[in-house]
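This report covers charged pairs, the barrel and a surface patch. The sequence and the coordinates are shown here.

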Amino acid sequence: MASFISSTSPCSLMAMLLLGLFMANLEMTGAGPVGVCYGMMSNNLPLASEVVALYKQHRIARMRIYDPDQRALQALRGSNIELMIGVPNGDLQSLSNPSNANNWVQRNIKSYWPDVKFRYIAVGNEVSPNSGTAKFVLPAMRNVYNALASAGLGQIKVSTAIDTTLIGTSYPPSQGNFRDDYRWYLDPIIWFLIDAKSPVLANIYPYFAYIGNPGSISLDYALFKSPSVVVHDGNRGYQNLFDAMLDSLIAALGRAWGGDLEVVISETGWPSAGGVATTVDNAATYVDKVIRHARNGTPMRPNKAIETYIFAMFDENNKEPAYEKHFGQFYPNKQPKWPLDFSGERIWDISAENSTAVYLSSDI
């Protein structure tokens, strides 16, 4: 063995270099930027302990939950899974009271730390500026932020999840701008995020954009399958709708003094049944491609990985309309709908003819 490692021939040096590059790539992709949302609106899901085991089995390093479900939090102890935990919209008014926010943090965060690796607290999800709840979002965010600081947990980031309906102009992406009648709601939140050094959480769904305008948006563009650039925007070209939607949000943030904010995709996915263009093949194609694409950035922020959370872990039978039931990567019996790899290391080809996934290269 000594004769091998002592060699300094060009071939040996090249082999060592390639091995080093491989290991660096493996380390990066093994802790890749993709997580999965664990929705619980179903009456037939596995036990929380089984769900956590499934995350670990499939190397899913990050999870989003939508409320402080105590069974999930207990199951996450010692798992090393990074967690985005939500404050339900119905609790925002309560947490606009500082004392209630402090109690919430003590009960749901402090009592589990550091056994549970909290990454973000999403204070509200897609709260409409037109709702009566909107006025409580920012006070609740501030109170949770202050409660975390008081508990010595200031490293946990506080944000809120928005959706792309808040953007009034989205085409071309560089002209992205929030609706003027929503700026009263958004601008103070953006300023808070800048001060707190927290990211914007954004739920981005090319599926909904596609079914809302199929005459102007092609299915291939929505599914990352366009063979060439579809949208030309100055010196930038867009070959998929995901990038265009995200960059329009980034441009809108820039026009609201938030151009340097990181954007975390807190939800994205594609349903496999129940509606227009909802097939297993389409869902598998979208999820596979968005996982691998998240490592590359967008035309506006090239080579910058996009932290992304796939929606959702399981089909949820208590949701409506019908297609909302079928966003899961797994059936409730824990069987995957297609071969899954959340690191982006494995590549497969989706065959529309027989609804199978064929591996082109396997894990090493």
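## Salt bridges

The whole structure holds 14 salt bridges, where a salt bridge is a side-chain nitrogen of Lys or Arg within 4 Å of a carboxyl oxygen of Asp or Glu. The model is predicted, and local features need pLDDT of at least 70, side-chain atom pairs count only at pLDDT 80 or more, and totals for chains, interfaces and linings use all residues. Residues are numbered from 1 along each chain as its sequence is written, and side-chain values use heavy atoms, with hydrogens and water left out. Side chains of opposite charge can pair when their charged atoms come close.

| Salt bridge | N to O distance |
|---|---|
| K334 and E50 | 3.2 Å |
| R179 and D181 | 2.7 Å |
| R183 and D187 | 2.7 Å |

K334 and E50 connect distant parts of the chain, 284 residues apart. K334 sits in the loop between β12 and β13 (347-351), while E50 belongs to helix α3 (residues 48-57). Helices (H or I, at least four residues) and strands (E, at least two) are DSSP runs, numbered from the N terminus. K334 has a relative accessible area of 31% and is therefore partly exposed; E50, with 30%, is partly exposed. Here buried means under 20% relative accessible area, exposed over 50%, and partly exposed in between (1.4 Å probe, protein chains only).

In the pair of R179 and D181, R179 is partly exposed at 31% and D181 is partly exposed at 42%. By contrast, R183 and D187 are both buried. These two residues lie in helix α8, four residues apart, or about one turn of the helix. Salt bridges with shared partners also join R62, E82, R119 and E307 into one network.

## Barrel

Eight strands close into a barrel with parallel pairing, in the order β1-β2-β3-β4-β5-β8-β11-β12; two strands pair if DSSP finds at least two bridges between them. Within this sheet, neighbouring strands are turned by 25° against each other on average, direction ignored. Axes are lines fitted to C-alpha atoms, for helices over the stretch in contact, and angles run from 0 to 180 degrees between N-to-C directions.

Six bridges join β3 (residues 82-87) and β4 (residues 117-125) in the parallel sense. L83 is opposite F118 of β4. Helix α12 (residues 280-293) packs on the sheet and touches β1 (34-37), β11 (263-268) and β12 (308-311), contact meaning heavy atoms within 4.5 Å. The direction of α12 makes about 170° with that of β12.

## Helix α8

W191 is placed in helix α8 (residues 183-196). W191 counts as partly exposed because its relative accessibility is 41%.
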